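Subject: Structure handover

Hi,

Here is the structure I promised to pass on. Please open it alongside this note; my findings follow below.

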Amino acid sequence: MTRQTNTVGTSTYERIKHDVIFGELAPGVKLKLDGLRARYGASVSTLREILNRLASEGFIVAAEQRGFFVKPVSKDDLVEIANLRVLLECSALETSIAAGDTEWEGRLVAAHHKLQLVEQKMLSGDHSQKELWKQYDWEFHQALISACNSQNLISIHATIFDKYLRYQMLVLTHRGEDAAKEHRLILDAALERDSAVAAKVLETHVLKGLEHTLAGMDESTALL
């Protein structure tokens, strides 16, 4: 029974977090427990536990006496998240390049191959697989740092990446060929064990994505 409850709770947690990140639950919206129970098929006690967990991770706001709300968005928050991502991911990448073995190289090449295929489709005008594109984007960036030998760092980076992704999904447009070229340059530098170049291109990649998302937020004033 406990195992089944945990499985249901984990599944519901992933679904709610997904819906926050991908904008199905809009920024600032109040999360009413009865509505969530009908939508996700989980008990009120399970939902409270999940919402408190997501609040501790920074995706939900738990307002005393007022209930739960999806965390609002702001430019300042996005800038902070992007800078944290640069700090964490560049450091982890440098360590990963130094420690990575041939299995790490294989994971990296495989992850980039999948990402490149989706990027090519998007560059050709097929934008029907945006969620798959961001999944493969995540898998590539996770593969880059997967040999850093720090599960704590990988875990913290995953949360920051999801927060960054949430902003991208709210205003998502593909940055195009530049982003795809940056991915390729990062891959090549990593395989050549040139950590300085890899980290520099990665920093550029994240900050260019930040600029792109901020511009999208300017155009979508309803988000702010």
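**The sheet**

Three strands make up an open sheet, ordered β1-β3-β2, with antiparallel pairing. The edges are β1 (30–31) and β2 (60–63), and each of them pairs on one side only. Keep in mind throughout that this is a predicted model.

Take the β1 side to begin with. Two bridges connect β1 with β3 (residues 67–70), and the two strands run antiparallel. Lys30 has Phe69 in β3 as its bridge partner. Leu31 sits opposite Phe68 in β3.

Now the β2 side. Here four bridges link β2 and β3, again antiparallel. Val61 has Phe69 of β3 as its bridge partner.

The hairpin of β2 and β3 leaves three residues between the strands. Gln65 in that hairpin takes a positive phi near 70°. As background, strands in a sheet pair through backbone hydrogen bonds, in either a parallel or an antiparallel way.

**The whole chain**

The protein chain has nine helices and three strands. In sequence order the pattern reads α-β-α-α-β-β-α-α-α-α-α-α.

What about the overall dimensions? The C-alpha trace spans about 55 × 45 × 30 Å along its principal axes. The radius of gyration is 19 Å; a compact globule of 224 residues would come near 17 Å, which agrees.

Contacts reach across the sequence. Among contacts in the protein chain with a separation of 6 or more, 74% join residues 24 or more positions apart.

Of the 224 residues, 45% count as buried. The chain exposes about 11500 Å². Carbon and sulfur atoms supply 50% of that area.

For your charge set-up: there are 26 positive and 31 negative side chains. The centres of the two sets lie 7 Å apart.

Is Thr213 buried or exposed? Thr213 counts as buried, because its relative accessibility is 3% and the cut-off for buried is under 20%. Leaving aside neighbours within four places in sequence, Thr213 is in contact with Leu78, Tyr167, Gln168 and Val171.

*Asp162.* Helix α7 (residues 151–170) holds this one. Asp162 has a relative accessibility of 17%, so Asp162 also counts as buried. Which residues does Asp162 touch, not counting those up to four places away in sequence? They are Lys17, Ile21 and Phe59.

*Gly35.* Look for this residue in helix α2 (residues 33–40). Gly35 has a relative accessible area of 42% and is therefore partly exposed. Asp19 is 16 residues away along the chain, and the C-alpha atoms of Gly35 and Asp19 are separated by 14 Å.

**To recap**

The sheet is open and antiparallel, in the order β1-β3-β2. Thr213 is buried at 3%, and Asp162 is buried at 17%. Gly35 is partly exposed at 42%.

Best wishes

Terms used. Residues are numbered from 1 along each chain as its sequence is written. This is a predicted model: local features need pLDDT of at least 70, side-chain atom pairs count only at pLDDT 80 or more; totals for chains, interfaces and linings use all residues. Side-chain values use heavy atoms; hydrogens and water are left out. The radius of gyration is taken over C-alpha atoms; the globule rule is 2.2 Å times the number of residues to the power 0.38. Buried means under 20% relative accessible area, exposed over 50%, partly exposed in between (1.4 Å probe, protein chains only). Contact means heavy atoms within 4.5 Å. Accessible areas come from the Shrake-Rupley method with a 1.4 Å probe; for residues, only the protein chains shown count as cover. Lys and Arg count as positive and Asp and Glu as negative; His and the chain ends are not counted. The place of a charge is taken as NZ of Lys, CZ of Arg, CG of Asp or CD of Glu. Two strands pair if DSSP finds at least two bridges between them.
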